[in-house]
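Okay, thanks for coming, everyone. Let me put the structure up and we'll walk through a few spots together.

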Amino acid sequence: MTGKALRLGTRRSKLAMTQSGQVADAVSQVTGRPVELVPITTYGDTSREHLAQIGGTGVFVAALREALVRGEVDFAVHSLKDLPTAPHDELVLAAVPVREDPRDVLIARDALKLTDLPDGARIGTGSARRMAQLNAYAAAHGRDVTTVPIRGNVDTRIGYVTSGELDAVVLAAAGLNRVGRSGEVTDFLSVDTVLPAPGQGALAVECSVRDTELIAELAELDDPFTRAAVTAERSLLAALEAGCTAPVGALADLLADGPIVKEMRLRGVVGTTDGTTLVQLSTTGPVPGTHEAAMALGRELATEMLAQGAAGLMGERAQ
């Protein structure tokens with residue numbers, strides 16, 4: 001390793017430090033420079049309020065972005081689903097690496113799967129999106145479950161199950177995979193049951209628009225298919241004018257004929273938290289070859305969802 005160390009801004013949580021460390025290793029290989037992690041505390045980490053109460057959008061990224069703008073760090077790594085959809089004047093999304101598993105998972109007592117949970121089961125999640133879809137699933141199958149709002153890191157959330165306070169919790173597969181805890185998963189939730197958050201499982205590598213050399217180096221970490229997919233998902237979210245705590249799920253996946261990728265399918269869902277009303281639609285088109293084409297795919301589906309009444313279901317709207 002030669003040259004001055006690059007400073008990577010990251011949240012302090014174990015998950016954030018782990019995924020930032022993985023990016024740091026990749027950046028070191030690309031640049032030939034050492035990378036040091038600079039842990040930064042965000043408002044979302046210190047507040048114990050539920051995300052919808054503290055504004056949701058950007059609470060985990062604002063402090064990292066401020067450090068970037070001030071030049072205290074050279075680049076930052078975020079969970080992409082935490083990133084506001086509006087572009088930042090002084091920062092650029094330099095890389096979206098290959099996505100991890102985007103699905104949500106269940107960790108339940110007695111190794112239960114979602115279909116095994118008894119009536120009256122208490123399921124913990126901090127996400128209105130998950131609550132809406134879990135409650136809709138239960139209603140569609142004549143089941144009775146209670147979704148319980150929770151906050152906290154992976155250990156805290158799993159602890160609600162091991163202590164017996166809750167029957168199950170729902171988490172993102174990607175985070176558990178990254179911290180080596182996927183062995184505790186009792187059920188991988190089908191995206192047909194619970195669509196993930198826009199950008200879930202993907203990371204965002206951000207740096208200053210002025211650092212053209214670093215932008216070029218970080219671009220080597222970019223995965224074009226992942227970027228196209230998450231761009232479409234986030235375009236849907238933006239066009240719905242919804243913040244990242246709104247009950248919106250979206251997933252773009254590639255449809256292949258053998259080894260040849262033919263099309264991209266984008267699915268979206270908006271629902272009331274109690275699950276009584278869902279608007280769930282999908283659209284399929286050519287794999288977007290440009291940023292604008294990916295944005296257009298998201299806007300197209302959002303327009304259809306709004307026509308079906310999605311606007312009235314979201315509660316908190318982005319400011």
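So, helix 8 and what it hides: the buried residues there are T226, A228, A229, V230, T231, A232, E233, R234, S235, L236 and L237. Keep in mind that this is a predicted model.

Just past the end of helix 8 you'll find E241 with a positive phi, about 55 degrees.

Okay, charges next. Side chains of opposite charge can pair when their charged atoms come close. In this model the count comes to 20 salt bridges, and I'll show you three of them.

Start with D253 and R267, whose side chains meet at 3.0 Å, N to O. D253 belongs to strand 11 and R267 to strand 12, so this pair ties together parts that are 14 residues apart in sequence. Both D253 and R267 are buried.

Then there's R299 with E292, a salt bridge at 2.4 Å, N to O. Here R299 is partly exposed, at 35% relative accessibility, and E292 is partly exposed too, with a relative accessible area of 44%. While we're on salt bridges, some of them share partners, and that joins D192, D253, R265 and R267 into one network.

Buried or partly exposed, what is R181? R181 comes out at 17% relative accessibility, and the cut-off for buried is under 20%, so R181 counts as buried. E184, at 32%, counts as partly exposed.

Last stop, D167. You'll find D167 in the loop between helix 5, residues 154–162, and strand 8, residues 168–172. D167 has 15% relative accessibility, so we call it buried. What does the side chain of D167 reach at 2.7 Å? That would be the backbone nitrogen of R122. The D167 side chain also makes a polar contact with the side chain of R109, at 2.6 Å. Setting aside neighbours within four places in sequence, the contacts of D167 are I107, A108, R109, G120, A121, R122 and V161.

That's my tour, so over to you.

Key. Residues are numbered from 1 along each chain as its sequence is written. This is a predicted model: local features need pLDDT of at least 70, side-chain atom pairs count only at pLDDT 80 or more; totals for chains, interfaces and linings use all residues. Side-chain values use heavy atoms; hydrogens and water are left out. Buried means under 20% relative accessible area, exposed over 50%, partly exposed in between (1.4 Å probe, protein chains only). Helices (H or I, at least four residues) and strands (E, at least two) are DSSP runs, numbered from the N terminus. A salt bridge is a side-chain nitrogen of Lys or Arg within 4 Å of a carboxyl oxygen of Asp or Glu. A polar contact is a pair of N or O atoms within 3.5 Å; within protein, one must be able to donate a hydrogen and the other to accept it, and residues adjacent in sequence count only if both atoms are side-chain atoms. Contact means heavy atoms within 4.5 Å.
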